[in-house]
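Please look at the sequence and the model before reading on.

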Amino acid sequence: MIEDNLCAVLNKIDDLRLENRKVPEPQPNEVLLEMQSVGICGSDVHYWKNGRIGDFIVKEPMIVGHESSGKVVKIGKNVHHLREGDRVAIEPGVPCGKCEFCKKGSYNICPDIKFCATPPYDGSLCRYYCHDADYCFKLPDNVSYDEGAMIEPLSVAVYGCKRSGVTAGKSVLICGAGPIGLLNILTCKAMGVSKICVTDILENRLSNAQALGAKNTVCVKNMEIEAVMKEVISRLGGQPDITLECSGAEPSVKLGMKVTKPGGVLMLIGLGAPEIKIPIIEATIREVDIRGIFRYVNCYPIALELVSSGAINLKPLITHHFTLEESIKAFETAHTGAGGAIKVMIHCGK
């Protein structure tokens, strides 16, 4: 009998603890997973430090973590496509499957979706975890558990690129060189884009972007927006067809509205303040389409194919490794960015 189910539990702001909980029993449509790798997302850190993201408030103790992979150890009676021992990437959102959004394929905006580590639902940073089998995707033999956990943030980039119309021949501005910005660089390149410019306020982040193949980078710290626009246009040889805004910062959103080519697309990927001041007329009179994304939809198979085929190499982004027992130290590293941290990975096995 399995008795050790160590879990990383957020009780309140700045109060992350390790607790031993009961091993769950899979429901008919679920599988029990022996968790392997869990990456720390910015949202995990935000809940830890702020106790909320928008209307999602931590009111009860919650297991954190949603970028994850694991091994199937027990199967619900209605599950037929998975077997014990299968290695899987876990898509953390489980929709209702019955509402109008689910029925038309937009299950990511299902109002009743249950998303790991989003209050009030527990996450997967633990030894054992149950999840709906339909949202567990087999890992190809050449894809590691660490890469399997990275499929979650990669799916954000895949969805952003799909929804904005990224294709070969387009020029793309990426605002923000954090983990999501870096994943968008890799995804754009995999989709055939050769003209990419990346902006950030930190030189070390832009160095990461350059290491991943972004030849054009602009440090925008203390720069006026007109100067940034001029620099971006110079680097790309014209205005970008598409701007992927990955920071959520008001100046970057303004930049996207002003610099994107008339008739182009500004894709809002990063989440910042709930209200900001924007030059909406600037975008309106030039017919810049302003679009947003919420997580991803039907992107896990694409992301897995990009990684297994070698079109995208996720390994350079995984910079730090910790055991489950070291979760608090791992969160501190992710929060401070110590040691050049990009993606901090926690290994849940003993």
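## Cysteines and disulfides

C348 is buried, with a relative accessible area of 1%; buried means under 20% relative accessible area, with a 1.4 Å probe and protein chains only. The model is predicted, and local features need pLDDT of at least 70, side-chain atom pairs count only at pLDDT 80 or more, and totals for chains, interfaces and linings use all residues. Residues are numbered from 1 along each chain as its sequence is written, and side-chain values use heavy atoms, without hydrogens or water.

The structure contains 0 disulfides, a disulfide being a pair of cysteine sulfur atoms within 2.5 Å. C348 takes part in none, as its nearest cysteine sulfur, in C126, is 6.8 Å away. For C7, the closest cysteine sulfur is also that of C126, at 4.5 Å, which is too far for a bond. C7 is buried, with a relative accessible area of 1%.

## The second largest pocket

The second largest pocket holds about 510 Å³ of space. A pocket is an open set of points on a 1 Å grid over the protein atoms alone, where a 1.4 Å probe fits, with protein on both sides within 12 Å along at least five of seven lines; lining residues have an atom within 4 Å of a point. The volume is the space filled by probe spheres set on the points, which are joined across faces, edges and corners.

There are 26 lining residues, and E30, D122, Y129, C130 and H131 are the closest to the pocket centre. Strand β11 gives the most to this lining, with 5 residues; strands are DSSP runs (E, at least two residues), numbered from the N terminus.

Technical notes. Helices (H or I, at least four residues) and strands (E, at least two) are DSSP runs, numbered from the N terminus. Buried means under 20% relative accessible area, exposed over 50%, partly exposed in between (1.4 Å probe, protein chains only).
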